[in-house]
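Please keep the structure in view while reading.

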Amino acid sequence: MTLITGSTANQIAESVRGLVLRGDFTPGTVLPPIRTLAIDLRVNRNTVAAAYRQLIAAGLAEAQGRRGTAITALPEVHTEYLPEDSLVDLASGNPDPALLPDLRQTLIEMPYDAPLYGASAITERLLNVSRAMFEGHLDESGTVVVTHGAVDAVERVLDSFVTRGDTVAVEDPCFLASIGTIRLNGYQRAAVPIDEAGMTAPGLRHAIANIGARAVIITPRAHNPTGACITAERAAELRAVLADYPEVLVIEDDYLFGVSSAPYHRVTPPTTKRWALIRSVAKFLGPDLRLALVATDTRTAGVLGNRLREGKNWVSHLLQSATAHLLTDPDTVTRLRDARAGYRERGRLMIDSLAEQGISVFGDPDGLNVWIDLPDAESVDETESRLAEAHWAVKSSRLFAVDPFQPRHGIRVTTATIDAQQAARFAAALAETFDALDITRGN
């Protein structure tokens with residue numbers, strides 16, 4: 001006999017909540033079939049179905065197809081990590097520390113006025129910097145907001161518009177942190193394939209028209225994990241799709257704008273009602289500088305401002321002052337220009353070394369990583385394992401899969417600190433691995 005009680009949808013849902021809180025229902029517990037529970041409680045099946053929908057919307061349960069509806073567990077969220085010291089790090093996605101500015105010296109040199117409660121949420125100097133940063137990409141209807149980094153920005157913008165159970169379209173493979181944000185907040189994921197020019201327009205249209213995506217997250221350049229960049233032609237195609245769905249929230253995560261070698265091409269059409277263009281600084285000014293500037297529509301800016309507002313809850317003015325100083329400091333500007341050229345050169349070193357071994361990477365990557373496709377999950381695991389035995393750490397495609405049952409198989413290789421000798425040695429080790437596993441080489 002079931003422990004669930006109630007005669008209305010709300011009562012049934014609250015009964016299940018109570019059973020979860022008391023520990024009677026644990027993560028993975030499968031709830032009774034709708035027909036069975038309706039008979040036991042002597043209610044209409046629609047009443048039980050409505051109760052289960054409430055539980056799913058609240059993130060307390062999830063539909064598992066033929067298995068029925070089950071109590072959810074806290075989602076497992078993967079993060080980037082530093083490999084063992086014995087391995088050469090081509091896995092962590094980190095920038096080269098030698099190409100980052102000295103934040104300690106910045107704290108000495110930068111102007112800083114300690115704020116009191118009631119101060120503006122964004123410093124005047126950073127606001128001026130942001131105007132230059134978004135020049136040509138922000139019309140009179142847009143507003144700039146400061147958040148605690150790109151991941152915080154994506155989460156806050158999504159939370160301002162979509163609710164638990166709504167579907168968000170993302171690139172497949174996808175940035176690891178975006179997958180975590182979507183899972184933790186109870187959103188559904190719609191996988192949109194990418195090619196050498198970024199997110200595909202037919203894939204985006206399918207996600208919106210057929211799957212019902214209410215928001216989309218797009219990386220305009222230096223896509224993590226593949227390095228793909230949206231071309232001018234692809235941006236026009238994506239704008240054409242989104243113009244047909246002005247109600248869809250569009251988030252552009254331009255996280256590597258400071259050192260990207262590719263031009264930025266806007267994918268958000270002027271008809272889109274809710275949008276955000278996010279530019280963070282952690283990847284090229286330092287991972288501990290957790291700050292992002294968000295250009296967004298006035299309505300979304302208002303929602304964000306209610307949480308990070310003047311007077312009480314603002315992003316540290318110390319971080320804002322450091323960011324404004326670094327982005328206008330001539331020495332830092334020169335350093336960023338050198339870093340941009342350095343990352344591009346190191347990526348080419350890896351691409352050329354692999355090509356000499358008959359191994360091709362995905363597209364013409366920009367940024368800190370390259371992607372190498374593999375035929376199946378077994379080959380991914382074996383490649384990762386054999387490379388580790390040869391003292392190379394790479395990142396498996398499993399972590400970037402939007403749909404874990406239909407992943408794009410491959411490995412992500414971080415090239416941020418590679419030199420010519422290392423690139424040649426790694427390419428030889430990968431070629432040897434391919435041969436041992438009978439994986440076809442060739443472009």
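In this predicted model, Leu107, Tyr112 and Leu318 together make a nonpolar surface patch of about 270 Å². One of these residues, Tyr112, lies in the loop that runs between helix 4 (103-109) and helix 5 (124-133), and Tyr112 counts as partly exposed because its relative accessibility is 38%.

**Helix 13 and its surroundings**

- Helix 13, covering residues 330-356, contains 27 residues and reaches 39 Å from its first C-alpha to its last, which is close to the 39 Å expected at 1.5 Å a residue.
- Its buried residues include Thr332, Leu336, Ala339, Tyr343, Met350, Ile351 and Leu354, and the glycines Gly342 and Gly347 are buried as well.
- An α-helix has 3.6 residues a turn, so residues three or four places apart point the same way.
- The buried residues of helix 13 pack against helix 10 (282-285), helix 12 (317-328) and helix 15 (420-436), and also against strand 12 (369-373) and strand 15 (410-414).
- Glu356 also belongs to helix 13, but Glu356 is exposed because its relative accessible area is 70%, over the 50% cut-off.
- Although Glu356 and Ala431 are 75 residues apart along the chain, their C-alpha atoms are separated by 9.9 Å.
- After helix 13 comes Gly358, whose phi is positive, near 75°.

**Salt bridges**

- Side chains of opposite charge can pair when their charged atoms come close.
- With a cut-off of 4 Å between side-chain nitrogen and carboxyl oxygen, the count comes to 21 salt bridges.
- Which residue forms a salt bridge with Asp96? The partner is Arg346, and the closest N and O atoms of the pair are 2.7 Å apart.
- Because Asp96 lies in the loop between strand 3 (88-89) and helix 4 whereas Arg346 lies in helix 13, this pair ties together parts that are 250 residues apart in sequence.
- Asp96 counts as buried because its relative accessibility is 11%, and Arg346, at 19% relative accessibility, therefore counts as buried too, the cut-off being under 20%.
- Arg274 and Asp297 form another salt bridge, in which the closest N and O atoms are 3.7 Å apart.
- That pair links distant parts of the chain, 23 residues apart, with Arg274 in the loop between strand 9 (249-253) and strand 10 (275-280) and Asp297 in strand 11 (residues 292-297).
- Arg274 counts as buried because its relative accessibility is 5%, and Asp297 counts as buried because its relative accessibility is 6%.
- A salt bridge also joins the side chains of Arg398 and Glu384, at 3.6 Å from N to O.
- Here too the pair links distant parts of the chain, 14 residues apart, since Arg398 is in the loop between strand 14 (395-396) and strand 15, and Glu384 is in helix 14 (residues 377-389).
- Arg398 counts as partly exposed because its relative accessibility is 49%.
- Beyond these pairs, Arg344, Arg348, Asp352 and Asp364 are linked in a network of salt bridges.

Definitions and conventions. Residues numbered from 1 in each chain as written. Predicted model: local features only at pLDDT ≥ 70, side-chain atom pairs only at ≥ 80, totals over all residues. Heavy atoms only, no water. Helix = DSSP H or I, 4+ residues; strand = E, 2+ residues; numbered from the N terminus. Expected span 1.5 Å × (residues − 1). Buried < 20%, exposed > 50% of the residue type's maximum accessible area, 1.4 Å probe, protein only. Contact = heavy atoms within 4.5 Å. Patch = residues over 30% accessible without salt bridge, like charges linked within 9 Å, V, L, I, M, F, W, Y side chains within 5 Å. Areas by Shrake-Rupley, 256 points an atom, 1.4 Å probe, with all protein chains shown as cover.
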